[in-house]
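Student: I am new to this structure and would like to go through it step by step. May we begin with the overall picture and then turn to single residues?

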Amino acid sequence: MKTFEDVKKSIQTHNTKLYKEAVDNLKQGNLNDYEEKANKIIIKECENCLDNIDEVTAIEIGAQTNSFIDGLRKAYNLHIDEYWNNFENFIDKYVLEVSQGNHRRPKMMMSCAEASHNLGIKYEDIQCFKDQDPRKDEAADIFKQIINDNYGTNIPMSEVRNQAYDDYEKVALSGDKVSEANALIHLKEIQRDDGALKNGLIYYTLATDEDYQEAKRICSVNQVK
């Protein structure tokens, strides 16, 4: 498996390249309004990634981990017999990165192969799924813990993630602003670690999240009192 620094460097390299290209496009001019706006957005998003690279890396690892699990489950649903009867062959054909170019992944399972490439997942890293139903949270949570141990991340287990959402919904109706702020902070941090703050190529970092920062302020003020 790759390291946290490996993933971080990859994100830095990619965003630095996009940033420079967008800056050059604006300098050259001859852009229509849509193109100019798009390049400015790219610059802004790249700056956010580079300024908050550690947080972005944690979000990316969480997102890739869940993408891998989702892809594995889709492959399982289509090839259940092969999963149980020849796990190694199943993983080679439908799950891990295609290294020899001799297999073509169905589009719905490309996320699995892409995630295995981005995180450097190998066959030995997913032995926890063997003889286990991958649709169940138990096997997925063991895999998440393997990822956490390797990367030093805090991807939440399924029960912790679900509980955070439930807790926030309950507190949000209570009218207690401090409790709501605490619950929001916890939920946002769970979402960050789970990779839920990534949408396409955009990362919604907590460092720039106004609601999160306001919740932190509310809690800080009340702690002082």
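Tutor: Helices (H or I, at least four residues) and strands (E, at least two) are DSSP runs, numbered from the N terminus. The model is predicted: local features need pLDDT of at least 70, side-chain atom pairs count only at pLDDT 80 or more, and totals for chains, interfaces and linings use all residues. Residues are numbered from 1 along each chain as its sequence is written, and side-chain values use heavy atoms, with hydrogens and water left out.

Student: In what order do the elements of the chain run from the N terminus on?

Tutor: The secondary structure of the chain comprises 10 helices and two strands. Read from the N terminus, the order is α-α-α-α-α-α-α-α-α-β-β-α.

Student: What share of the residues in the chain is buried?

Tutor: Buried means under 20% relative accessible area, exposed means over 50%, and partly exposed lies in between (1.4 Å probe, protein chains only). The chain has 225 residues, and the buried part of them comes to 40%.

Student: Of the contacts with a separation of 6 or more, what percentage joins residues 24 or more positions apart?

Tutor: Contact means heavy atoms within 4.5 Å. Among contacts in the chain with a separation of 6 or more, residues 24 or more positions apart account for 64%.

Student: What span does helix H7 reach from its first C-alpha to its last?

Tutor: The expected span of a helix is 1.5 Å times one less than its number of residues. Helix H7 covers residues 137-151, which is 15 residues, and 21 Å is expected at 1.5 Å a residue. The span that H7 reaches is close to this, at 21 Å.

Student: Which elements do the buried residues of H7 pack against?

Tutor: The buried residues of H7 include Ala139, Ala140, Phe143 and Ile147. An α-helix has 3.6 residues a turn, so residues three or four places apart point the same way. The partners of the buried H7 residues are helix H1 (4-28), helix H3 (53-78), helix H6 (110-119) and H8.

Student: Is alanine 140 buried or exposed, and which residues does it touch?

Tutor: Alanine 140 is found in helix H7. Its relative accessibility is 1%, so alanine 140 counts as buried. Leaving out residues up to four places away in sequence, alanine 140 touches Ile69, Arg73 and Phe129.

Student: How many residues of H3 are buried?

Tutor: H3 has 26 residues and reaches 37 Å from its first C-alpha to its last, close to the 38 Å expected at 1.5 Å a residue. H3 is largely enclosed by the rest of the structure, because its buried residues number 19 of the 26.

Student: Why does lysine 8 count as buried?

Tutor: Lysine 8 has its place in helix H1. Not counting residues up to four places away in sequence, lysine 8 touches Ile53, Asp54 and Thr57. Lysine 8 is buried because its relative accessible area is 15%.

Student: What phi does asparagine 30 have, and what phi does aspartate 131 have?

Tutor: Most residues other than glycine have a negative phi. Asparagine 30 lies in the loop between H1 and helix H2 (33-51), and aspartate 131 has its place in the loop between H6 and H7. Asparagine 30 is exposed, with a relative accessible area of 81%, and aspartate 131 counts as exposed at 55% relative accessibility. Phi is positive in both: for asparagine 30 it is near 60 degrees, and for aspartate 131 it is near 65 degrees.
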